[in-house]
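Subject: Structure handover

Hello,

Here is the structure for you to look through. My notes follow below it.

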Amino acid sequence: MTTIIYLREVIMMKKVLAIVLIIAGIGILLTNNLFLGFMFLVIGINLISTEGSEINLENKTYRTVKSIFGINIGKWKPCPEFEYVSVFKTKEATEVRSYGATIGTFKNDVIFLNLFYKGNKHITFYKTEDKVDAFKVAEHFKNALDIDILDATESESKWL
């Protein structure tokens with residue numbers, strides 16, 4: 001089966017914290033405190049899970065996935081006829097809240113890879129902060145799907 005899959009990387013500290021919470025959750029479950037043990041397990045599993053996308057080139061289907069311990073969960077949908085892949089740079093805002101009040105908003109540059117079809121309809125298949133990585137993935141989509149790349153990371157968009 002020819003499948004293209006991209007998953008967002010989970011940073012090492014988040015993995016370590018998740019594993020500690022999962023082990024603590026199992027330990028607490030064994031001491032008969034079901035609610036607290038279940039809470040620790042759920043938080044740990046949520047921290048270690050990641051998101052991404054998958055395209056099956058043989059069946060011409062795609063899905064957005066949630067991956068937990070290498071198990072990908074998501075519903076397969078038929079692929080539209082993709083016209084091009086766009087590498088698009090934008091800012092992503094993250095708000096820090098406490099007790100219902102916003103403490104601060106942090107903005108960072110992020111790059112999206114969108115596969116366009118039927119004019120301006122698109123599906124976002126990849127997200128990264130590394131421009132080199134974004135173009136490497138875009139090149140993979142270009143070769144696998146036989147489509148062009150639109151570089152929209154600068155103020156003037158250009159075809160590659």
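How many salt bridges does a search of the whole structure find? The search finds three. A salt bridge here is a side-chain nitrogen of Lys or Arg within 4 Å of a carboxyl oxygen of Asp or Glu.

First, the ground rules. This is a predicted model, in which local features need pLDDT of at least 70 and side-chain atom pairs count only at pLDDT 80 or more, while totals for chains, interfaces and linings use all residues. Residues are numbered from 1 along each chain as its sequence is written, and side-chain values use heavy atoms, with hydrogens and water left out.

**The salt bridges**

Side chains of opposite charge can pair when their charged atoms come close.

E54 and R63 form one of the bridges, at 2.8 Å from N to O. Both residues are buried. Buried means under 20% relative accessible area, exposed means over 50%, and partly exposed lies in between (1.4 Å probe, protein chains only).

D109 and K91 form another, with their closest N and O atoms 2.8 Å apart. This pair links distant parts of the chain: D109 sits in strand β7 (residues 101–117) and K91 in strand β6 (residues 84–98), 18 residues apart. Helices (H or I, at least four residues) and strands (E, at least two) are DSSP runs, numbered from the N terminus. D109 is partly exposed, at 35% relative accessible area. K91 is exposed, at 55%.

K131 and E154 also meet in a salt bridge, again 2.8 Å from N to O. They too link distant parts of the chain, 23 residues apart: K131 is in helix α3 (residues 131–145), and E154 is in the loop between β9 (148–152) and β10 (158–159). Both count as partly exposed, K131 at 35% relative accessibility and E154 at 46%.

**Helix α1**

Helix α1 covers residues 12–30, 19 residues in total. From first C-alpha to last it reaches 27 Å, close to the 27 Å expected at 1.5 Å a residue. That expected span is 1.5 Å times one less than the number of residues.

Which residues of α1 are buried? They are A18, L21, I22, G25 and I28. Seen down the axis of α1, they fall within an arc of 130 degrees, so they line one face of the helix. The arc is taken from the directions from the helix axis to the C-beta atoms. These buried residues pack against α2 (34–48), where contact means heavy atoms within 4.5 Å.

The face turned away from the buried side carries the exposed residues M12, M13, I23 and L30. Just after α1, N32 takes a positive phi of about 75 degrees.

Best wishes
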